[in-house]
Amino acid sequence: MTDPQDTEEAQALRDAVRSLLTRRSGPEAVRAAMASPLGYDDKLWSTLCEQIGVAALAIPEHYGGAGAGLAEVCVVMAELGRTLTPVPMLGSAVLCGEALLRTGNDEACERLLPGIAAGTTLAALAWSDEDWTPGLTASDTGLDGRAHYVLDGDLADVLLAVARTADGVGLFEVPLDGVRRERVTTLDPTRRLAVVDFASSPARRLDADGFRLEKLLDTAVIAVAAEQVGAAARALELTVEYTKQRRQFGRPIGSFQALKHRMADVHVHVEAARSALYAAIVDGDAEAVATAKVVCGEAFSHAAAEMVQLHGGIAITWEHDAHLYFKRAHGTALLFGDPVRALSG
């Protein structure tokens, strides 16, 4: 079966995103964005949404989207991963867009999805406790609990929440003035997270007959796996380039057999991650998704660790990007829970 990420349309999308990020999201721009009050470049995000339509990809056309699919989302996520570009693609477009579609609530979708698709509305999803299990509860008085790891949660215009109810799990829309939101310090400075506190917070339930959180998280995990593959591939490319330039004993260090073997091992790991991602996109079953989470996370961690090792002392300086890839690798490996536990059931 043809990889849906390698179709002619997907390649055109990849080229468009890469071209824009090459011009607008180099290392200096990434550092400026992550240090800005928003934590991302809102002008770049607007351009990605207006000119390429990245936030609209997986949203149906009748809700203002492009009507594409998860494979196209993964193409974009991989390119964003290559440059470590901090934008609200994962939290708003992927998580919240998919969450709303899974409710089957036409009114809510018609009201909220066009803004998310256009990139003019920033949405956030609150659901997890510190152990990546549903941490909110719903009752007649509202929602209670504390949600951790809320992507862009302190900035969002729209707040959605997954909470336990008397009849299972539901998805709720929560007024912003009914909660307390606070940005938290993160290992990965390119990914903004917040905690959101609920105390009998008023909320409107959006789903009609139960909300399947695990299916939503499968989509999020696949999107993160694509980001990891893109970032791992770029980390390897940068490492190979450096070893061709750095010289010892009168020749490039990349010509040393021991280093060739180490970079070859990373290459094999990255290609295995591509295969795992492909299986998750095409099959979509729980085992394939859990496998992609493990394999893609390990490949990125391996590539980032070797990037630091083979760059030597320069890699541990703030001025070099190796530490940003290393931090992103460890941050993404922890997103949405323990991959080993997910794979084991």
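A polar contact is a pair of N or O atoms within 3.5 Å; within protein, one must be able to donate a hydrogen and the other to accept it, and residues adjacent in sequence count only if both atoms are side-chain atoms. The model is predicted, with local features requiring pLDDT of at least 70 and side-chain atom pairs pLDDT 80 or more, whereas totals for chains, interfaces and linings use all residues. Residues are numbered from 1 along each chain as its sequence is written, and side-chain values use heavy atoms, without hydrogens and water.

**View A. Helix 9 and its two ends.** Helices (H or I, at least four residues) and strands (E, at least two) are DSSP runs numbered from the N terminus. A side-chain oxygen of D285 comes within 3.1 Å of the backbone nitrogen of E287 at the start of helix 9. After helix 9 comes G312, with a positive phi near 75°.

**View B. Pairing of strand 3.** Strands pair if DSSP finds at least two bridges between them. Strand 2 (residues 137–139) lies antiparallel to strand 3 (residues 142–151) over three bridges, and a hairpin of two residues connects strand 2 to strand 3. A138 has L143 as its bridge partner. Strand 3 is also joined to strand 7 (residues 193–201), antiparallel, by six bridges; here G145 stands opposite F198.

**View C. An aromatic cluster.** Rings of Phe, Tyr and Trp (its six-membered ring) pair if their centres lie within 6.5 Å; planes under 30 degrees apart are stacked, over 60 edge-to-face and the rest tilted. Ring pairs link W127, W132, Y149 and F336.
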